[in-house]
Amino acid sequence: MPKFLRIGIHWSNVSGYTSKAWCVRRAGSVVLLKWGAVEVHGAGEARKVSWSRQPQEKTVRCGTAQRAQDYARAAIARRRNHRYEPLAGPIANQRKSARAGAELKQALATILIVDIVGSTAKAAKLGDARWTKIMGHYYAAVRKELKSSRGKEVVTTGDGVLATFKLPAAGVTCASAIQKAVRTLGLEIRVGLHHGEYTMSGGEMVGLAFHIGTRVAAKARGGEVLVSSAVKDLLKTQSAIRFADHGTHQLKGVPERWRLWRVEG
């Protein structure tokens, strides 16, 4: 019986990939559960998996060893159905370097969120080996466009990418370039952009601006790049960038209604 389970982590994944992992361990009549976000660093045999933050833990006392064994088997079976696969090695503790200099840093920037549409269904259709190869090309294409537009990658989450730009025009241009680049891979993405203040804490982005950017991206359909009014207002003098009114929306968990705009062309 495997002790560790993981989701979305593949042997050839690029460094910086973040995902979710579960650890299931049985000790007699007790089952110990641990789960949370993990980071992947390196590739192949040199790849290391570590908790990106303190994981959640739960202890289940089953009364008898047989009940504990049945509980653990059921827990593993459920998560395999959600594309979890056995993890060959342990999940390391949170890297000290990530927390040692963990201090709050505030910044003002354009936040870009990229997400692949229908990734789970596409991965199931193509199979792990082919999907892993495509994802490698996907991240390479995204990072190439980020570099060209002077964007800064903050984190990758599953099949999503979060980045920041000093100038909103650079963020919009980059979003359109990424759309064209990944289309050659047979992938369709949605992109959301918002401009505002955010805080970096221990390598993580927090704050309302981050949540708004995430919700804007969630409102986009496949092939669309949506921006908030904050981005559109800053680009009034940019005649080369055209927008179409996408209406007002209630963004989940965000106060008031927000007018969104779709990038044209």
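Predicted model: local features only at pLDDT ≥ 70, side-chain atom pairs only at ≥ 80, totals over all residues.
The chain has 7 helices and 14 strands, and W261 has its place in strand β14. Of the chain's 265 residues, 43% count as buried. Let's walk through the structure topic by topic.

**The chain as a whole**

- Take the contacts between residues at least 6 apart in sequence: 64% of them join residues at least 24 apart.
- The chain exposes about 14,300 Å², and carbon and sulfur atoms supply 51% of that area.
- How many disulfides does a search of the whole structure find? The search finds 0.
- Two cysteines to look up are C62 and C174. C62 has a relative accessible area of 13%, which is under the 20% cut-off, so C62 is buried.
- C174 is also buried, with a relative accessible area of 0%.

**The nonpolar core**

- In soluble globular proteins, nonpolar side chains tend to be buried together.
- In this model, the largest nonpolar core has 32 residues. Those with the most contacts inside this core are V114, Y138, I189, V191, L193 and V227.
- Several elements each supply at least two residues of this core: the helices α4 (128-148) and α5 (168-183), and the strands β7 (105-116), β9 (160-165), β10 (189-201), β12 (225-228) and β14 (257-264).
- Which of these elements gives the most to this core? That is α4, with 7 residues.
- Setting aside residues up to four places away in sequence, V227 touches V172, L193, V216, K232, F243, R259, L260, W261 and V263.

**W261 and its partner K232**

- Is W261 buried or exposed? Its relative accessible area is 16%, under the 20% cut-off, so W261 is buried.
- Leaving aside neighbours within four places in sequence, W261 is in contact with V225, L226, V227, S228, S229, K232, F243, A244, D245 and H246.
- The charged end of K232 sits over the ring of W261, 4.4 Å from the ring's centre.
- Along the sequence, W261 and K232 are 29 residues apart, while their C-alpha atoms are 7.3 Å apart in space.

**Aromatic pairs**

- The structure holds 2 aromatic pairs.
- In one of them, W22 and W35, the ring centres are 4.7 Å apart and the planes meet at 15 degrees, so the pair is stacked.
- W22 lies in strand β2 (residues 18-27) and W35 in strand β3 (residues 30-41), so this pair ties together parts that are 13 residues apart in sequence.
- Both W22 and W35 are buried.
- A pair of aromatic rings is described by the distance of the centres and the angle of the planes.

- T248 lies in strand β13 (residues 242-250).
- T248 has a relative accessible area of 35%, so this residue counts as partly exposed: the value falls between the 20% and 50% cut-offs.
- Not counting residues up to four places away in sequence, T248 touches R257, W258 and R259.
- What separates T248 and R259 in sequence and in space? They are 11 residues apart in sequence and 4.0 Å apart from C-alpha to C-alpha.

- P86 has its place in strand β6 (residues 84-86).
- P86 is partly exposed, with a relative accessible area of 43%.
- The C-alpha atoms of P86 and C23 are separated by 9.8 Å, and these residues are 63 apart along the chain.
- Where is R150 found? R150 is in the loop between α4 and β8 (152-157).
- R150 has a relative accessible area of 77%, over the 50% cut-off, so R150 is exposed.
- The phi angle of R150 is near 60 degrees, a positive value in a residue other than glycine.

Definitions and conventions:
Residues numbered from 1 in each chain as written. Heavy atoms only, no water. Core = buried A, V, L, I, M, F, W, Y, C linked by side-chain atoms within 4.5 Å. Buried < 20%, exposed > 50% of the residue type's maximum accessible area, 1.4 Å probe, protein only. Helix = DSSP H or I, 4+ residues; strand = E, 2+ residues; numbered from the N terminus. Contact = heavy atoms within 4.5 Å. Phe/Tyr/Trp six-rings, centres within 6.5 Å; stacked < 30°, edge-to-face > 60°. Lys NZ or Arg CZ within 6 Å of the ring centre and 35° of its normal. Areas by Shrake-Rupley, 256 points an atom, 1.4 Å probe, with all protein chains shown as cover. Disulfide = S-S within 2.5 Å.
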